Amino acid sequence: MGALADDNLQKLLRELHEKASGDQARWADREARGSDTDSGYEILRLSEFYLAISPQEGELLYLLARASKAHRLVEFGASFGISTLYLAAAAADNGGHLFTTEVQPEKCAAARAHLKRASLTDHATLLEGDARETLKGIDGPVDFLLLDGWKGMYLSVFELLRPKMAKSALVAADNWSHDGAADYVAHVLDSRSGFTTRMINYMGISCFTD
Ligand SMILES: C[S@@+](CC[C@H](N)C(=O)[O-])C[C@H]1O[C@@H](n2cnc3c(N)ncnc32)[C@H](O)[C@@H]1O
């Protein structure tokens with residue numbers, strides 16, 4: 001039984017997925033009130049939104065990380081830490097470590113508290129700030145990367161880590177059909193990138209196979 005099966009973690013994940021499912025209603029409420037200067041998708045950048053992966057995606061990421069025996073895992077975009085918990089559980093089971101990133105301070109505090117509640121703090125480090133800066137100091141080899149921050153930054157985060165990636169690195173990019181990620185998608189689909197890529201639901205899974 002792996003760390004993901006832990007009762008305490010499962011209870012926390014159920015709680016957080018339930019809260020995340022309120023995003024739709026929060027969005028509708030914000031739009032109806034016409035509050036803030038934001039509109040449409042811009043509202044989703046507010047720190048109250050979870051924007052989290054689904055339980056199925058979380059389990060898929062956990063399994064991919066376990067099966068690939070990923071030792072050093074990196075996440076771009078922790079939000080409240082839902083995907084972070086799945087990856088930290090895989091890191092714990094693999095005897096490795098997760099480096100996750102988040103730019104919004106309120107979300108960082110929440111993600112840290114959730115890691116603590118799940119007793120996974122020894123297996124994950126949250127780097128607070130812009131991932132394009134905080135990830136500069138990461139040592140290689142990076143075995144597993146989850147891209148789930150703002151889509152327009154996927155390619156720059158990928159390129160920052162590319163020189164540090166392990167030979168058989170796996171990269172999962174959530175919502176990759178989003179227009180903002182088009183340059184990243186074109187890059188990994190190009191055979192010269194050295195990656196083989198397939199789409200599973202909303203997620204592009206790329207493996208360095210060159
Ligand atoms: C889609 S949400 C992440 C959801 C999370 N992976 C989950 O499944 O629970 C995207 C997050 O990326 C963060 N983000 C966006 N740009 C960032 C950057 N440059 N550095 C670090 N975090 C960033 C946002 O603040 C937001 O919380």
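Okay, let's start at N175, which sits in the loop between β5 (165–173) and α8 (182–189). Quick word on those labels: helices (H or I, at least four residues) and strands (E, at least two) are DSSP runs, numbered from the N terminus. And on the numbers, residues are counted from 1 along each chain as its sequence is written. Please keep in mind that this is a predicted model: local features need pLDDT of at least 70, side-chain atom pairs count only at pLDDT 80 or more, and totals for chains, interfaces and linings use all residues.

N175 is not a glycine, yet its phi is positive, about 50°. Here's the background: most residues other than glycine have a negative phi, and most peptide bonds are trans. Is N175 buried, exposed or partly exposed? It counts as partly exposed, because N175 has 17 C-beta neighbours inside 10 Å. The cut-offs go like this: a residue is buried if 20 or more other C-beta atoms lie within 10 Å of its own, exposed if 12 or fewer, and partly exposed in between, with C-beta atoms placed from the backbone.

N201 is another one to look at. It's in the loop between β6 (195–200) and β7 (203–208), and its phi is near 50°, again positive in a residue other than glycine. N201 has 11 C-beta neighbours inside 10 Å, so it counts as exposed.

And then there's a cis peptide bond, from G140 to P141, with omega near -5°. You'll find P141 in the loop between α6 (131–134) and β4 (142–147).

Now the sheet. Seven strands, in the order β3-β2-β1-β4-β5-β7-β6, form an open sheet with mixed pairing. Its edges are β3 and β6, each of which pairs on one side only. On average, neighbouring strands in this sheet are turned by 15° against each other, direction ignored; for that angle, axes are lines fitted to C-alpha atoms, for helices over the stretch in contact, and angles run from 0 to 180 degrees between N-to-C directions. By pairing I mean that DSSP finds at least two bridges between two strands. As a reminder, strands of a sheet pair through backbone hydrogen bonds, either parallel or antiparallel.

Let's zoom in on β2 (97–102). Strand β1 (residues 72–76) runs parallel to β2, and 5 bridges join them; F76, for instance, has T101 in β2 as its bridge partner. With strand β3 (residues 124–128), β2 also pairs in the parallel sense, over 5 bridges, and there L98 stands opposite A124 in β3. To get from β2 to β3, the chain crosses through helix α5 (residues 105–117), and this β-α-β crossover is right-handed. Right-handed here means that, with the strands pointing away from the viewer, the path from the first strand over the helix to the second runs clockwise. β1, α4 and β2 make a right-handed β-α-β unit too. Why is β2 largely enclosed by the rest of the structure? Because 5 of its 6 residues are buried.

So what about α4 itself? This helix (residues 82–94) has 13 residues and reaches 19 Å from its first C-alpha to its last, close to the 18 Å expected at 1.5 Å a residue. That expected span is 1.5 Å times one less than the number of residues. α4 is mostly covered, with 12 of its 13 residues buried, among them I82, S83, Y86 and N94. Just after α4 comes G95, with a positive phi of about 70°.

Next, the ligand. How many residues surround it? There are 21, and the closest are A52, G77, S79, I82 and S83. Being near it means having a C-beta atom, placed from the backbone, within 6 Å of the molecule or strand in question. α4, β2 and α6 each supply at least two residues of that shell. By type, the shell divides into 10 nonpolar, 6 polar and 5 charged residues.

Last stop, helix α5. K116 is in this helix and counts as exposed, because it has 10 C-beta neighbours inside 10 Å. K116 and L189 are 73 residues apart in sequence and 38 Å apart in space, C-alpha to C-alpha. From E106 to G22 it's 84 residues in sequence and 18 Å in space, C-alpha to C-alpha.

Conventions: Ala, Val, Leu, Ile, Met, Phe, Trp, Tyr, Cys and Pro count as nonpolar, Asp, Glu, Lys and Arg as charged, and the others, Gly among them, as polar.
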